[in-house]
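Here's a quick briefing to read with the model open beside you. Take it one topic at a time.

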Amino acid sequence: MIVHDSHCHFFSRRFFEALGREKHGLVGDATAESVARELGWEAPGEPLALARRWVEELDRHKVSRAALIASMPGDEASVAEAVAAYPDRFTGFFVTNPAAPGGLDQAQRGLALGGMRCVCLFPAMHRYRLDDERVVRLFELAAEHGAVVFAHCGYLSIEARSRLGLPSLFDLRCGDPLALAATAARFPQVPVIVPHFGSGFFREALMAGEMCPSIHFDTSSSNAWLRYFPGLGLAEVFRRTLAVLGPDRMLFGTDSSYFPRGWRRVIYGAQCTALDELGAEQDVREKIFRRNFDRIFPVASSTRAD
């Protein structure tokens, strides 16, 4: 079965340098290499080198395409460089903060870059509501560019910040899928991706998805939010999502990010096992693992048949 991954972070040199500046300040050693050593991760090198590293990793696991997320506002050029080098392998996502001064201008510039197809919102991190008028303007930009909006709802934890001892002053109240639905309903032409099944706001995410046919779930990460729902397992999460959203609005993802860990095959295995438990048909699996991604993020030169 052909596999595409809708959720991989592209931790570039600029990402590591930003973490270093935040932790060590102007007098500290904030190079990407030193921060990577502190984290116990590999230094990323330049964007093209990191892109090649990802191609080799995806080849090793037989993953055909992947979404690469520029994981800090202002780093979209790093992912754009990777996508330009491997347009048949990568689709570009980038983070923006529409509530920040110049945030909407940054989103406009990012969407103008080749291969950047999706704007990512982290409202709990940046402390704005998903029905804020600035989010509405972001959706207007996405509609103008034929782009997708990714909105992280529910619980949020960033491993790099935790390992470095950096504070995470997130306001989880901002990541409400119902507020997202209020905005998304105004832009039915804009596909919306909610990662991690709503990351703990599972019921609310299902309600939002039933209200808005534009809302899709990505299945990524270990889904550790399940610890808030005793007795609920991953197979049941898939079953309920399929019952409400159907197989056409689910995108496989892993939340892979750094090396040497690389692509998180264990996540893929857990999701395959969950679908095995449900007795999911091959057509359902192909939609989740490939066809929905290809529909939302088509490659012009692709000759693959559905």
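Lysine 62 sits in the loop between α3 (47-60) and β2; helices (H or I, at least four residues) and strands (E, at least two) are DSSP runs, numbered from the N terminus. You're looking at a predicted model, where local features need pLDDT of at least 70, side-chain atom pairs count only at pLDDT 80 or more, and totals for chains, interfaces and linings use all residues. Residues are numbered from 1 along each chain as its sequence is written, and side-chain values use heavy atoms, with hydrogens and water left out.

- Lysine 62 isn't a glycine, yet its phi is positive, at about 60°.
- Lysine 62 counts as exposed, with 67% relative accessibility (buried means under 20% relative accessible area, exposed over 50%, partly exposed in between, using a 1.4 Å probe and protein chains only).
- Histidine 196 also has a positive phi of about 60° without being a glycine, and its place is the loop between β6 (192-194) and α10 (202-211).
- Histidine 196 is buried, at a relative accessible area of 6%.
- Phenylalanine 259 and proline 260 are joined by a cis peptide bond, with omega about 20°; you'll find proline 260 in the loop between β8 and α12 (265-278).

**The sheet**

- Follow the strands across and you get an open sheet of 8, in the order β1-β2-β3-β4-β5-β6-β7-β8, with parallel pairing (two strands pair if DSSP finds at least two bridges between them).
- β1 (3-10) and β8 (250-251) are at the edges with a single partner strand each, so one side of each has no neighbour in the sheet.
- β1 pairs with strand β2 (residues 63-70) in the parallel sense over 6 bridges, and here cysteine 8 stands opposite leucine 68 in β2.
- Strand β3 (residues 90-95) and β4 pair in the parallel sense over 4 bridges, with glycine 92 opposite methionine 116 in β4.
- Strand β4 (residues 116-121) is largely enclosed by the rest of the structure, because 5 of its 6 residues are buried.

**The cores**

- The largest nonpolar core has 72 residues, and Phe90, Phe139, Phe197, Ile215 and Phe217 touch the most other members (a nonpolar core is a set of buried Ala, Val, Leu, Ile, Met, Phe, Trp, Tyr and Cys residues joined through side-chain atoms within 4.5 Å).
- Helix α7 (residues 133-145) gives the most to this core, with 6 residues.
- A second, separate core has 17 residues, including Ile69, Phe122, Ala124 and Ile296.
- Leaving aside neighbours within four places in sequence, phenylalanine 197 is in contact with residues including Phe202, Phe217, Trp225 and Met250 (contact means heavy atoms within 4.5 Å).

**The largest pocket**

- The largest pocket holds about 900 Å³ of space.
- On a 1 Å grid over the protein atoms alone, a pocket is an open set of points where a 1.4 Å probe fits, with protein on both sides within 12 Å along at least five of seven lines; lining residues have an atom within 4 Å of a point.
- Grid points are joined across faces, edges and corners, and a volume is the space filled by probe spheres set on the points.
- Of the 40 residues lining this pocket, Leu156, Ser157, Ile158, Glu159 and Asp255 lie nearest its centre.
- β1, α1 (13-24), α6 (123-126) and α8 (159-164) are the elements giving two or more residues to the lining, and α1 provides the largest share, 4 residues.
- The lining divides into 20 nonpolar, 13 polar and 7 charged residues (Ala, Val, Leu, Ile, Met, Phe, Trp, Tyr, Cys and Pro count as nonpolar, Asp, Glu, Lys and Arg as charged, and the others, Gly among them, as polar).
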